[in-house]
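Please read this briefing alongside the sequence and the 3D view.

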Amino acid sequence: MDLTELSDEILLTRLLAGCEQSFTTLYHRHRARVYRFALEMSGSQIAAEEVLQEVFLAVLNGEVRYDPARGSVSALLLGVARNHVLRLLRHDSRHSAAATAEEYSGGTDALADLTQRETIEAVRQAVLSLPPAYREVIALCDLEEMEYAEAAEALGRPVGTVRSRLHRARSLLAEKLAAGSLAGAARSMT
Amino acid sequence: MTEESNHEALMQALGALRESIQGPEAALRVEDALLRAYRQRYAAKRRSWPWRAWRVAAVAAAVLIALLTLIPRPEQPVEPMPVSAREFSTEYMPMSFSEPLMPEEFVHVVRISVPRSELVRFGLPAEPGAGGARVTADVVLGEDGVARAIRFVR
């Protein structure tokens, strides 16, 4: 039976009733975004995998309460991931934001140009140097391209707060990157 | 550089970062660990013994009859009702205390006879003074033998 057309809400109900296929369908549908968000927040593949596992353990254990009136399942999972990431960053120095580039090297086939890689690394480090409250809005809105409303659901904050934090986060990033001559590197990429 | 060009450069750089992070994926060991945890938790809930289903259904039907006949009355045996060429029935109504059926779940339908006064429990009209008159009902039993839905047949 093909479950890929079922909604997240139905998959949640079914997996809690013992349908393994529903669990794997839900996991495959959302794992990439949850993993990327955790990676963007922590800068560590190890931490991102740990967060991904914790999120879906919470799902299968019935610890994740979904309320359709409060938003999408995707936003809910990202909210759970956020809580785990923030806890990791506070308590575990293994997953500090100062991860090396070797630990995070995706899409290298598209990054043959050294200048481009250096620019991307500079942006990555700049994002990781932001306070978590600004880092997460950059991760959700600019890197995951979520709408303000969905990002607000994931963060449990008003839309206005997300907008203002994003504006401030981008200003901070622009200052950091301008100091590192980002503009020249960006022009070299076009 | 102007503020606008700084912003443009920033968005371009963020776009490049976004493209670069499409590649990494979580290791398969994460999925393996999750599946192990899932199977450990839900193994006890699985019902996969169809060869026991009829025995379970018989027990469940007896339990259902007992539940539906709470009003003390002289015991009457459940009489199998003859199949009529023309039957009219209500829609199946879910039993309020049961869990929903899974689409692929193996089910049984058991036909029973219940007091007409039981129609009231499901929001259906019963003639005043129906008393001892009986009505035919089809009951849907899940794999675990628990009644999931009922319809009344005329």
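The points below cover helices, the sheet, nonpolar cores, salt bridges and cysteines.

This is a predicted model, in which local features need pLDDT of at least 70, side-chain atom pairs count only at pLDDT 80 or more, and totals for chains, interfaces and linings use all residues. Residues are numbered from 1 along each chain as its sequence is written, chains are lettered from A and ligands numbered from 1 in the order in which they are written, and side-chain values use heavy atoms, with hydrogens and water left out.

**Chain A and its helices**

- Chain A has nine helices and zero strands; helices (H or I, at least four residues) and strands (E, at least two) are DSSP runs, numbered from the N terminus.
- Of the 190 residues in chain A, 50% are buried, where buried means under 20% relative accessible area, exposed over 50%, and partly exposed in between (1.4 Å probe, protein chains only).
- Among contacts in chain A with a separation of 6 or more, 65% come from residues 24 or more positions apart; a contact means heavy atoms within 4.5 Å.
- H2(A) bends by about 45° at His30(A), the bend being the angle between axes fitted to the seven residues ending at a residue and the seven starting there.
- H2(A) is largely enclosed by the rest of the structure, because 17 of its 23 residues are buried.
- Gly43(A) follows H2(A) and has a positive phi, near 75°.

**The sheet in chain B**

- Four strands of chain B form an open sheet in the order E1-E4-E3-E2, with antiparallel pairing; two strands pair if DSSP finds at least two bridges between them.
- Strand E1 (93–94) and strand E2 (108–115) of chain B stand at the edges with a single partner strand each, so one side of each has no neighbour in the sheet.
- The antiparallel pairing of E2(B) with E3(B) runs over eight bridges, and His108(B) has Leu141(B) in E3(B) as its bridge partner.
- E3(B) also pairs with E4(B) in the antiparallel sense, over six bridges.

**Nonpolar cores**

- The largest nonpolar core has 68 residues, and Phe56(A) and Ile138(A) have the most contacts inside it; such a core is a set of buried Ala, Val, Leu, Ile, Met, Phe, Trp, Tyr and Cys residues joined through side-chain atoms within 4.5 Å.
- A second, separate core of 13 residues includes Met95(B), Val110(B), Leu141(B) and Phe152(B).
- Leaving aside residues up to four places away in sequence, Phe56(A) touches Phe23(A), Leu26(A), Tyr27(A), His30(A), Arg31(A), Leu77(A) and, from chain B, Leu34(B).

**Salt bridges**

- Side chains of opposite charge can pair when their charged atoms come close.
- Over all chains there are 13 salt bridges, each a side-chain nitrogen of Lys or Arg within 4 Å of a carboxyl oxygen of Asp or Glu.
- Arg36(A) forms a salt bridge with Glu144(A), with the closest N and O atoms 2.6 Å apart.
- This pair links distant parts of the chain, 108 residues apart: Arg36(A) lies in helix H2 (residues 20–42) of chain A, and Glu144(A) in the loop between helix H6 (132–143) and helix H7 (148–155) of chain A.
- Arg36(A) counts as buried at 14% relative accessibility, as does Glu144(A) at 5%.
- Glu121(A) and Arg124(A) meet in a salt bridge at 3.0 Å, N to O.
- Both Glu121(A) and Arg124(A) lie in helix H5 (residues 114–129) of chain A, three residues apart, about one turn of the helix.
- Glu121(A) is partly exposed at 22% relative accessibility, whereas Arg124(A) is buried at 3%.
- In chain B, Arg151(B) and Asp138(B) meet in a salt bridge at 2.9 Å, N to O.
- Arg151(B) in strand E4 (residues 147–153) and Asp138(B) in strand E3 (residues 134–141) of chain B are 13 residues apart, and the pair links distant parts of the chain.
- Arg151(B) is partly exposed at 23% relative accessibility, while Asp138(B) is buried at 3%.
- Salt bridges with shared partners join Arg33(A), Arg36(A), Glu144(A) and Glu150(A) into one network.

**Cysteines**

- The structure holds zero disulfides over all chains, a disulfide being a pair of cysteine sulfur atoms within 2.5 Å.
- Cys19(A) is buried, with a relative accessible area of 9%, and Cys141(A) is buried, with a relative accessible area of 9%.
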